[in-house]
Amino acid sequence: MDKRRRASRRGNGRNVTYVLLALAVLMLLGSTIGSTRAALTYYSENYTAEITVSQIGVSLLENGDVVSSRDYDNDDWKISTNQGKDAVSGALLKNMLKKDEKLALNKSYHEELSVRNSGTIDEYVRVRIYRYWTEKNSSGKDVKITTLSPELIDLNLVNENKWVKNPNDSAECTELYYKGILPSGSETELFADGIRIDGQVASEAAVETKGNTITTTYKYDGVEFHVDVEVDAVQTHNAQDAIKSAWGVDAASLGIL
Amino acid sequence: MKYIEKYGKVIAMSAAALGMTAALTIESSLAYFTTYVSAGGSQVVNLGAQTTIHEDVSNMTKHIQVANISQINDCFVRVKVFYGGDLSIGYPDSPDTPSNPDWYLDGTTDENGFRYVYYRPILPASPDPDRPSLTTPLDVKIDVPDGFDRDNFNVVVIQECTPVVYDESGNATADWTTVYSGYEEFENPSGGRGEEADD
């Protein structure tokens with residue numbers, strides 16, 4: 001009985017092999033016919049084909065001028081900034097103060113920031129804004145001041161219906177997601193239009209009187225405020241997964257798709 | 001061993017299939033088109049202030065001027081005049097209004113009845129330390145009761161300054177709420193008030 005069963009199994013195995021072989025041959029033949037058809041029709045018409053390679057690119061604009069851009073072009077990344085050839089990062093706030101002008105507290109300075117799609121494909125964009133304070137230590141190195149609130153650096157954010165704020169922002173880092181697709185060559189609405197240093201920076205001072213001279217020394221005299229901006233762009237094809245992969249957020253729940 | 005002999009091929013094929021699937025997944029993640037740019041900027045906030053007071057007395061009138069000797073920061077200044085119980089002060093043209101329109105009283109008095117007199121214009125910093133900017137004079141008339149020793153009395157003037165700030169309309173203004181008290185300077189091991197900044 002066992003011998004018969006084994007013989008029957010071997011027979012079944014062979015049958016499956018033959019069926020698979022026949023299918024493979026048929027598929028092979030079918031693919032040959034297809035390519036023959038394609039070959040016949042290919043030469044029957046004249047085509048003028050324009051091939052566009054997908055090139056992603058993004059630029060950050062300050063008061064209408066490009067401060068930094070990074071575009072994929074001719075199989076290479078083309079980086080340009082307002083800092084010169086070798087710089088990979090642009091400079092902000094260079095023209096915030098006029099010549100010989102001194103920074104005044106509570107005064108609102110013109111600082112318009114936006115993003116341009118400088119590539120050839122549509123994209124989604126987001127910006128990350130970092131605000132923090134530093135001062136020079138005794139060896140002249142910049143050290144961060146953690147006792148001075150980043151909120152005293154008041155970057156006036158605008159167009160909040162187009163720029164969606166990440167609800168999990170920290171005081172130092174603000175994430176803004178542009179709602180919808182930014183088409184190739186287009187520019188976003190502004191995400192900021194001014195900057196102001198809160199007068200609270202001067203809220204603590206010590207007064208020293210020597211003769212008829214009074215010297216007021218402020219706790220935060222000589223501190224430096226910083227604003228750093230990062231712009232990220234990602235393709236629109238398969239956007240949900242692309243955004244999740246590149247930025248680690250759920251685009252649908254943020255409402256930016 | 002028997003188990004491995006029996007299912008060895010299946011395990012090997014499954015592992016290979018899993019590996020290929022994983023490799024395919026990784027490839028598709030890397031295939032997303034992305035790019036980025038960055039930019040940053042900073043400005044220094046200078047806040048220090050240095051002022052001196054100049055006083056002259058003639059014809060029972062104090063002529064007060066304040067100089068801003070800071071080379072960096074503009075400021076607003078105000079003064080307060082203290083005097084003894086039998087004395088009183090006024091201004092040459094009026095008991096309550098300084099003759100010089102650059103100076104004004106804001107109407108509030110402290111618990112002892114003394115009032116600040118504010119200098120209206122900004123007192124700018126001067127790059128030349130030998131030529132500091134100076135307020136116009138504030139003349140304070142000292143009224144002495146009959147029989148009072150005119151050669152021996154005390155009228156003390158104190159002066160304060162505050163940096164120029166701006167209000168919501170963009171107008172230069174003074175914030176006199178600054179806490180003028182000693183503050184504690186503390187330093188971390190790297191020499192600053194906090195952690196070291198990223199380069």
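User: Which strands form the open sheet of chain A, and in what order?

Analyst: Strands of a sheet pair through backbone hydrogen bonds, either parallel or antiparallel. In this predicted model, six strands of chain A make an open sheet in the order E3-E2-E1-E5-E11-E8, with antiparallel pairing. Strands (E, at least two residues) are DSSP runs numbered from the N terminus, and two strands pair if DSSP finds at least two bridges between them. At the edges are strand E3 (76-81) and strand E8 (153-157) of chain A, each pairing on one side only. From one strand to the next, the twist averages 15°, with axes as lines fitted to C-alpha atoms and angles running from 0 to 180 degrees between N-to-C directions.

User: How many bridges link strands E5 and E11 of chain A?

Analyst: Four bridges pair E5 (residues 108-116) with E11 (residues 192-197) in the antiparallel sense. A:Leu113 stands opposite A:Ala192 in E11(A).

User: Which strands of chains A and B are joined by bridges?

Analyst: Strand E13 (residues 213-218) of chain A runs antiparallel to strand E2 (residues 49-58) of chain B, joined by four bridges. There, A:Thr215 stands opposite B:Gln50.

User: How many residues of each chain are in contact?

Analyst: The size of an interface is often given as the accessible area lost when the parts come together. Here contacts are counted instead: 73 residues of chain A are in contact with 47 residues of chain B (C-beta atoms, placed from the backbone, within 7 Å). Strand E14 (residues 223-235) of chain A gives the largest share of chain A's side, 13 residues.

User: What are the numbering and confidence rules?

Analyst: Residues are numbered from 1 along each chain as its sequence is written, and chains are lettered from A in the order in which they are written. The model is predicted: local features need pLDDT of at least 70, side-chain atom pairs count only at pLDDT 80 or more, and totals for chains, interfaces and linings use all residues.

Methods: Contact = placed C-beta atoms within 7 Å.
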